[in-house]
Amino acid sequence: MKTKEKEIVTLQRSLLHDTEKMLNKQIEMEGKSSAYYLSMASWCDMMGYDNAAKLLYAHAEEERQHMLKLLHYINEAGGHAIQPEITGIKHHFNSLKEIFQLILEHEIQVTKSINIIVDHCFGVKDFATFSFMQWYVTEQREEETLARRALELFDIIGEEGIGLWTIDQELGKLHDSTGDA
Ligand code: OFO
């Protein structure tokens, strides 16, 4: 590339290389979340947990939006957002409760990853990305809370008799009350 062209490309970039790499890793994580929740939704659908399935289909769609939001941000900032390879998604689950346990574990990992990016951005004084990432910080708080609320239903209601049916009904209400997953 000629020196002049190089200068222009450098001027167009407002993202540091490290930050771009971290955001691309986060794209992959959000893409995996989307595929993971779609797989869970399909399992719930197949098992007849209609409300859990509805909640998880919506959740999968939301995660895709989280991925796209990052993708657009990177490209707008002069970087190159990479479409991630998604493999190794789990398709079989032991129970409805296991699904929400896995979701909580997964969301805690996502929160950690977001916090690392936020900490990095603050350290390198990339305040634009720091500010952009605040939306994800808030979102993670909500998503962890939702998974915890869902898990509480198993303790409060119990899985015996019509327990699982009732839990599925309550998951539907949880979904309606948050307006998302
Ligand atoms: Fe994207 O918030 Fe969950 O993973």
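User: How many helices and how many strands does the secondary structure of the protein chain come to?
Analyst: In this predicted model, the elements run α-α-α-α-α-α from the N terminus on. The secondary structure therefore comes to six helices and zero strands, where a helix is a DSSP run of at least four residues.

User: What box do the C-alpha atoms of the protein chain fill?
Analyst: The protein chain has 181 residues, and buried residues make up 44% of them. Taken along the principal axes, the box filled by the C-alpha atoms is roughly 75 × 30 × 25 Å.

User: Among contacts between residues at least 6 apart in sequence, what share joins residues at least 24 apart?
Analyst: A contact requires heavy atoms within 4.5 Å. Among contacts between residues at least 6 apart, the share joining residues at least 24 apart is 77%.

User: Which residues touch the most other members of the largest nonpolar core?
Analyst: In soluble globular proteins, nonpolar side chains tend to be buried together. The largest nonpolar core here holds 28 residues. Helices H2 (17-47), H3 (50-76), H4 (96-123), H5 (127-157) and H6 (163-178) each give two or more residues to this core. The members touching the most others are Met 40, Cys 44, Leu 96, Ile 99, Phe 100 and Leu 171.

User: Which residues does Met 40 touch, not counting residues up to four places away in sequence?
Analyst: Met 40 is one of the residues that touch the most other members of the largest core. With residues up to four places away in sequence set aside, Met 40 touches Leu 56, Phe 93, Ile 99, Leu 102 and Ile 103.

User: How many residues are in the second, separate core?
Analyst: Besides the largest nonpolar core, with its 28 residues, the chain has a second, separate one. Its members include Leu 15, Ile 27, Ala 77 and Ala 81, and the number of residues in this second core is 18.

User: How many disulfides does a search of the whole structure find?
Analyst: A disulfide is a covalent bond between the sulfur atoms of two cysteines. Cys 44 is buried, with a relative accessible area of 0%, and Cys 121 is also buried, at 0%. For disulfides, the search of the whole structure gives a count of zero.

User: Is Lys 125 buried or exposed?
Analyst: Lys 125 sits in the loop between H4 and H5. Although not a glycine, Lys 125 has a positive phi of about 60°. Its relative accessibility is 61%; because the cut-off is over 50%, Lys 125 counts as exposed.

User: How far apart do the centres of the positive and negative side chains lie?
Analyst: The protein chain has 18 positive and 30 negative side chains. The distance between the centres of these two sets is 8 Å.

Conventions: Residues are numbered from 1 along each chain as its sequence is written. This is a predicted model: local features need pLDDT of at least 70, side-chain atom pairs count only at pLDDT 80 or more; totals for chains, interfaces and linings use all residues. Side-chain values use heavy atoms; hydrogens and water are left out. A nonpolar core is a set of buried Ala, Val, Leu, Ile, Met, Phe, Trp, Tyr and Cys residues joined through side-chain atoms within 4.5 Å. Buried means under 20% relative accessible area, exposed over 50%, partly exposed in between (1.4 Å probe, protein chains only). Lys and Arg count as positive and Asp and Glu as negative; His and the chain ends are not counted. The place of a charge is taken as NZ of Lys, CZ of Arg, CG of Asp or CD of Glu. A disulfide is a pair of cysteine sulfur atoms within 2.5 Å.
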